[in-house]
Amino acid sequence: MTDTPADASAMQLAAALVGARGGHITLVQPVESPLPDVARAEVPPRVATLLRRVAQWSVPHDIQIEDGRAERPVDAIALRAQGFDQVIMACAGHDHAERRLQHAQFSSLVSRSGRPILALPGRTRFDGIFKRAVIGWSATPESARAAHDFLRLDFACALVVTTVDGSDRVNEHAQAFINSLMRQGREAIFTPVSSDGGSVAEALLGHAFDSQADLLVCGAYGHSRAREWLLGGTTRELFERTLTPLFLSR
């Protein structure tokens, strides 16, 4: 939980995916300050809110609290996530404060959990079925890991592999990746795009929108996390501006 309105969409996505595929959902509520001892026998207000939200869920679930006693809750959540298949969270908040809060949690999760992140914009409603995914390919370890992490989830959707301002060598590697997919019986096409002087993130988001994609798959943090946090970068721009659900892995 990022404690932003988009959490509702992320919870809806989690319930849809688990309902369709089976499994279990753990909702993790961070609390920045340690809870007073006298309150530990009570249900914290944020957890009470979660309980009301999931009261009608038919999917298996539980709620955990990270209360900041030993370390930052966002880092504790990242360590907890190491034991799970998938992390689902909110992104693209409505204002700077929401986006900053979401990105702080995402930055820790993607760097420390070792797990792929499904990030859902708050304005998106999702029925649990992916029909078309755009895979951003850059011939880097991060993009390859994200692509294969996504494929292991075995979503039966059409795939569009794209490069942005790709060199001949990068495009050659992208085509080799597609050939491998086709040998596995997957439907995949290659569509290189140009940034036309804009950012890589703008090109990827525009292509995902034009392709009517349900999901954009990308590697996260090709530069250091600290550099992207301070100066911005493709990952942060994607996370904060997207209208398409993101699948990010590092």
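In which hand of crossing does H3 pass H4? I found that H3 passes H4 in a right-handed crossing, a crossing being right-handed if the near helix is turned clockwise from the far one by less than a right angle, and left-handed if anticlockwise.

Before going further I noted that this is a predicted model, in which local features need pLDDT of at least 70 and side-chain atom pairs count only at pLDDT 80 or more, while totals for chains, interfaces and linings use all residues. Residues are numbered from 1 along each chain as its sequence is written, and side-chain values use heavy atoms, with hydrogens and water left out.

I then looked up H3 (residues 73-81) against H4, and their axes are 8 Å apart at an angle of about 35 degrees. The contact (heavy atoms within 4.5 Å) involves Val74, Asp75, Ile77, Ala78, Leu79 and Ala81 of H3 together with Gln105, Ser108, Leu109 and Arg112 of H4.

Next I turned to H4 (residues 96-112) and H9 (residues 234-241), whose axes come within 10 Å and cross at roughly 130 degrees. The crossing of H4 and H9 is right-handed. From H4, I listed Arg99, Arg100, Gln102, His103 and Phe106, which meet Thr235, Arg236, Phe239 and Glu240 in H9.

My last entry concerns Thr235, which is placed in helix H9. Thr235 has a relative accessible area of 2% and is therefore buried (under 20%, whereas exposed means over 50% and partly exposed lies in between, with a 1.4 Å probe and protein chains only). A polar atom of the Thr235 side chain lies 2.8 Å from the backbone nitrogen of Tyr221.

Technical notes: Axes are lines fitted to C-alpha atoms, for helices over the stretch in contact, and angles run from 0 to 180 degrees between N-to-C directions. Helices (H or I, at least four residues) and strands (E, at least two) are DSSP runs, numbered from the N terminus. A polar contact is a pair of N or O atoms within 3.5 Å; within protein, one must be able to donate a hydrogen and the other to accept it, and residues adjacent in sequence count only if both atoms are side-chain atoms.
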